[in-house]
Amino acid sequence: LCFAGDARVRGQTGVLSERRGSYPFIDFRLLNNTTLSGEIGTKKKVKRLLSFQRYFHASRLLRGIIPQASLYLLDEDYLGQARHMLSKVGMWDFDIFLFDRLTNGNSLVTLLCHLFNVHGLIHHFQLDMVTLHRFLVMVQEDYHSQNPYHNAVHAADVTQAMHCYLREPKLANFLTPSDIMLGLLAAAAHDVDHPGVNQPFLIKTKHHLASLYQNVSVLENHHWRSTIGMLRESRLLAHLPKEVTQDIEQQLGSLILATDINRQNEFLIRLKSHLDNQDLRLEDAQDRHFMLQVTLE
């Protein structure tokens with residue numbers, strides 16, 4: 001179903017999800033039209049359907065610019081250094097920029113595969129490693145590399161910081177595998193498909209995402225729904241019971257929506273109240289979820 005430039009699907013869990021990038025499918029065979037009038041018509045059609053990074057890539061194809069492959073392959077020295085860095089992934093001074101260079105721009109995928117293994121999530125949730133890798137590649141590729149800040153390296157940095165928080169003894173002793181997986185997934189996908197502009201810009205320019213989410217947590221809702229779309233497209237959790245996947249999707253939304261800067265004071269006031277009253281009980285799943293929200297926020 002396509003409307004207002006947005007394609008959404010409703011799965012069995014009843015939660016709306018956005019197609020990868022939230023843009024309709026484009027048949028790139030259209031780009032092979034070489035007649036002048038056809039080329040102009042194709043450009044206009046593609047421009048209407050695409051925006052942000054997908055329009056950027058499509059426009060390069062229309063101009064005959066072929067994306068360049070990596071100029072080099074990593075040798076064993078690079079890979080060895082990357083593996084050595086992963087042995088220190090729990091350190092707060094972890095250099096994510098160096099790690100990204102050592103992994104040839106694949107820091108998010110490499111980091112998440114390692115952390116899922118370290119925390120025993122692959123075994124606990126019986127995840128297929130190939131499917132997990134495919135899902136993580138989808139997430140990494142849906143970050144816009146041209147963004148100076150909200151890109152895949154930023155996502156990897158937040159994910160590594162989340163791992164450090166999850167290892168803090170006062171929190172780690174109470175966390176369940178579900179808590180850990182939700183924290184890592186939310187950190188990795190919290191800015192996925194970020195357009196590089198803020199919510200006020202989207203609202204003032206009457207962007208279709210602003211209309212879709214009625215000017216409320218526009219970017220955060222988009223990040224969440226896009227993540228759900230990729231989870232379903234990859235079928236990473238398809239083997240789990242419906243009620244489990246539904247809970248995971250809802251809690252992912254709660255965590256990602258907590259990154260809305262307009263809600264910062266809400267969480268700080270609530271955290272201060274808990275600390276003053278000393279009534280934070282990490283045995284309670286609700287309080288553990290709140291701490292994950294504060295961590296990600």
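1. Gln278 counts as exposed, at 75% relative accessibility; exposed means over 50% relative accessible area, buried under 20%, and partly exposed in between (1.4 Å probe, protein chains only). The residue is found in the loop between helix H15 (264-277) and H16. Helices (H or I, at least four residues) and strands (E, at least two) are DSSP runs, numbered from the N terminus. Gln278 is not a glycine, yet has a positive phi of about 50 degrees. Most residues other than glycine have a negative phi.

2. This is a predicted model, in which local features need pLDDT of at least 70 and side-chain atom pairs count only at pLDDT 80 or more, while totals for chains, interfaces and linings use all residues. Residues are numbered from 1 along each chain as its sequence is written, and side-chain values use heavy atoms, with hydrogens and water left out.

3. The protein chain has 16 helices and three strands. Of its 297 residues, 47% count as buried. Among contacts (heavy atoms within 4.5 Å) between residues at least 6 apart in sequence, 68% join residues at least 24 apart.

4. UniProt positions are in the numbering used here, feature names are shortened, and annotations may be inferred rather than shown by experiment. His150 sits in the loop between helix H7 (129-141) and helix H8 (152-166). With a relative accessible area of 24%, His150 is partly exposed. Leaving out residues up to four places away in sequence, His150 touches Tyr143, His144, Asp191 and His194.

5. Asp191 carries the UniProt annotation "binding site", also from an unreviewed entry. Its place is the loop between helix H10 (177-189) and H11. Asp191 is buried, with a relative accessible area of 8%. Residues up to four places away in sequence aside, Asp191 touches Tyr143, His150, His154 and His223. The loop between H10 and H11 also holds Asp193, which is buried at 0% relative accessibility. Phi of Asp193 is positive, near 60 degrees.

6. The second largest pocket holds about 630 Å³ of space. Of the 29 residues that line it, Tyr149, His150, His154, His190 and Asp191 are the closest to its centre. On a 1 Å grid over the protein atoms alone, a pocket is an open set of points where a 1.4 Å probe fits, with protein on both sides within 12 Å along at least five of seven lines; lining residues have an atom within 4 Å of a point. Grid points are joined across faces, edges and corners, and the volume is the space filled by probe spheres set on the points.

7. H8 gives the most to the lining of the second largest pocket, with six residues. The lining divides into 13 nonpolar, eleven polar and five charged residues. Ala, Val, Leu, Ile, Met, Phe, Trp, Tyr, Cys and Pro count as nonpolar, Asp, Glu, Lys and Arg as charged, and the others, Gly among them, as polar.

8. In helix H13 (residues 218-234), 15 of the 17 residues are buried, so the helix is largely enclosed by the rest of the structure. At 1.5 Å a residue, H13 should span 24 Å, and its end C-alpha atoms are 24 Å apart, which agrees; the expected span is 1.5 Å times one less than the number of residues. Arg235, with a positive phi near 60 degrees, follows H13.
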